[in-house]
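Keep the viewer open as you read.

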Amino acid sequence: MALAYDQARTTIDVDGLFRPTAPMRTMVAEIAERHNLAADWLNDGAKGFLPGPDPRPIPVLERENLRVFVASPEYLLAMKLHSGRGGRDLEDAAILTRKLNLRTPRQLLGLLEQHYPAERLQPRHQYLIHDVLGRAFPSSSSDHHRSGHNPGPSL
């Protein structure tokens, strides 16, 4: 999130996927020691929560032996909405919602459905979607209710 979509944000670690795993972990440990960083400053702990491969990752650095990509805003937003952890994740989701100019509950639900199978969606996602839209577009948050978009469970 900090690398591509919110440069004002600070973070203590970077979530990522890397291959080959063993050599990368060795290099991460060496960099951590050299720069007095936490051992898990770069970690792959989030890989168990990924909905599958990102269909449109964005390259940010390409060298002979290193390629770095960030998740597409659509993929990252779907992950933030699905996790529904509150706090920073909801603020991140609002930032991404504004960036993508998604303004209706149907658009956000459609994004979730693109990345997660229906059986992994729950009624709470409807409420999260309305919360995120209210954060992303505060001046029009009451419009979501007046326009016939019921935040009630419909999944």
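**A guided walk through the model**

The chain has a mean pLDDT of 85, and 89% of its residues reach 70 or more; pLDDT is the predictor's confidence in each residue, from 0 to 100. This is a predicted model, in which local features need pLDDT of at least 70 and side-chain atom pairs count only at pLDDT 80 or more, while totals for chains, interfaces and linings use all residues. Residues are numbered from 1 along each chain as its sequence is written, and side-chain values use heavy atoms, with hydrogens and water left out.

A contact here means heavy atoms within 4.5 Å. Where pLDDT is low, the predicted coordinates should not be read in detail.

Now for the overall plan. The secondary structure comes to 6 helices and 4 strands, and along the sequence these follow the pattern β-α-β-β-β-α-α-α-α-α. Helices (H or I, at least four residues) and strands (E, at least two) are DSSP runs, numbered from the N terminus. Of the 155 residues, 35% count as buried, where buried means under 20% relative accessible area, exposed over 50% and partly exposed in between, for a 1.4 Å probe and protein chains only. Among contacts with a separation of 6 or more, 62% join residues 24 or more positions apart.

A few backbone details are worth a stop on the way. In the loop between strand 1 (14–15) and helix 1 (21–34) you will find P20. The peptide bond leading from R19 to P20 is cis, with omega near -5°. Further along, N36 lies in the loop between helix 1 and strand 2 (42–43). N36 is not a glycine, although its phi is positive, at about 55°. This asparagine, N36, is exposed, with a relative accessible area of 73%. N101 also has a positive phi of about 55° without being a glycine, and it sits in the loop between helix 3 (88–100) and helix 4. N101 counts as partly exposed, at 43% relative accessibility.

Next come the helix pairs. The axes of helix 2 (residues 73–83) and helix 3 come within 9 Å and cross at roughly 145°. Axes are lines fitted to C-alpha atoms, for helices over the stretch in contact, and angles run from 0 to 180 degrees between N-to-C directions. The crossing of helix 2 and helix 3 is left-handed. A crossing is left-handed if the near helix is turned anticlockwise from the far one by less than a right angle, and right-handed if clockwise. Helix 2 contributes P73, E74, L76, L77, K80, L81 and S83 to the contact, and helix 3 contributes D89, D92, A93, L96, T97, K99 and L100. By class, these residues divide into 7 nonpolar, 2 polar and 5 charged. Here Ala, Val, Leu, Ile, Met, Phe, Trp, Tyr, Cys and Pro count as nonpolar, Asp, Glu, Lys and Arg as charged, and the others, Gly among them, as polar.

Helix 3 also packs against helix 5, at an angle of about 65° and with the axes 8 Å apart. That makes helix 3 roughly perpendicular to helix 5; angles under 35 degrees count as roughly parallel, over 145 as roughly antiparallel, 65 to 115 as roughly perpendicular and the rest as oblique. Helix 3 passes helix 5 in a right-handed crossing. L90, E91, A93, A94, T97 and R98 of helix 3 make this contact with L128, D131, V132, L133, R135 and A136 of helix 5.

How do helix 4 (residues 105–115) and helix 5 (residues 123–136) cross, and at what angle? Their axes come within 10 Å and cross at roughly 125°, which means that helix 4 is oblique to helix 5. The crossing of helix 4 past helix 5 is right-handed. On the helix 4 side, P105, L108, L109 and L112 meet H125, Q126, I129, H130, V132 and L133 in helix 5. This contact has 7 nonpolar, 3 polar and no charged residues.

Finally, look at G110, which is found in helix 4. G110 is buried, with a relative accessible area of 17%. Between G110 and A78 there are 9.6 Å in space, C-alpha to C-alpha, and the two are 32 residues apart in sequence.
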